Amino acid sequence: FMSVEQENELHEYILNDFDHSQFVILSRHIACPLTLIFSAKESIFKSLYPSVKKYFGFDAAVLVGFNEE
């Protein structure tokens, strides 16, 4: 998990404009929401890069929803 300080520093690099509303909702349910979003976006990159052979940033993926299960 990222520390609160790390989350504050990296917030603007990991979240894009579309992520913010879901981030706010997620932060009501878990302690380190940015860690979860970072992990999801990094997993997408790592799974797709071998096929697409192209770098894409955190703005290429959007958190559209989540469930607690």
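Lys41 touches Ile14, Leu15, Asn16, Asp19, Phe58, Ala61 and Val62, leaving out residues up to four places away in sequence. Lys41 sits in helix α3, which spans residues 33-52. The model is predicted. Its protein chain holds 3 helices and 0 strands.

**Lys41**

- Is Lys41 buried or exposed? Lys41 counts as buried because its relative accessibility is 6%, and the cut-off for burial is under 20%.
- A polar atom of the Lys41 side chain lies 2.9 Å from the backbone oxygen of Phe58.
- Phe58 is also among the residues that Lys41 touches.

**Asp19**

- Asp19 belongs to the loop between α1 (4-14) and α2 (20-27).
- Asp19 is buried, since its relative accessible area is 0%.
- Which backbone atom lies 3.0 Å from a polar atom of the Asp19 side chain? That atom is the backbone nitrogen of Asn16.
- Beyond four places in sequence, Asp19 touches Ile14, Lys41, Ala61, Val62 and Leu63.

- Asp19 and Lys41 touch each other.
- Ile14, Ala61 and Val62 are among the contacts of Asp19, and Ile14, Ala61 and Val62 are also among the contacts of Lys41.

**Nonpolar core**

- The largest nonpolar core has 8 residues: Met2, Ile14, Leu15, Phe23, Leu26, Leu34, Ile37 and Leu63.
- The elements giving two or more residues to this core are α2 and α3.
- In soluble globular proteins, nonpolar side chains tend to be buried together.
- Core residue Leu34 is in contact with Met2, Glu7, Leu10, His11, Ile14, Leu15 and Phe23, setting aside neighbours within four places in sequence.

**Whole chain**

- Read along the sequence, the pattern is α-α-α.
- The C-alpha atoms fill a box of roughly 35 × 25 × 20 Å along the principal axes.
- Of the 69 residues, 26% are buried.
- Among contacts with a separation of 6 or more, 54% join residues 24 or more positions apart.

**Surface and charge**

- The accessible surface comes to about 5,200 Å².
- Carbon and sulfur atoms account for 58% of that surface.
- The chain carries 5 positive and 10 negative charges.
- How far apart are the mean positions of the positive and negative charges? They are 11 Å apart.

Note on methods:
Residues numbered from 1 in each chain as written. Predicted model: local features only at pLDDT ≥ 70, side-chain atom pairs only at ≥ 80, totals over all residues. Heavy atoms only, no water. Helix = DSSP H or I, 4+ residues; strand = E, 2+ residues; numbered from the N terminus. Buried < 20%, exposed > 50% of the residue type's maximum accessible area, 1.4 Å probe, protein only. Polar contact = N/O pair within 3.5 Å; in protein donor to acceptor, adjacent residues only side chain to side chain. Contact = heavy atoms within 4.5 Å. Core = buried A, V, L, I, M, F, W, Y, C linked by side-chain atoms within 4.5 Å. Areas by Shrake-Rupley, 256 points an atom, 1.4 Å probe, with all protein chains shown as cover. Lys, Arg positive; Asp, Glu negative; His and termini not counted. Charge placed at Lys NZ, Arg CZ, Asp CG, Glu CD.
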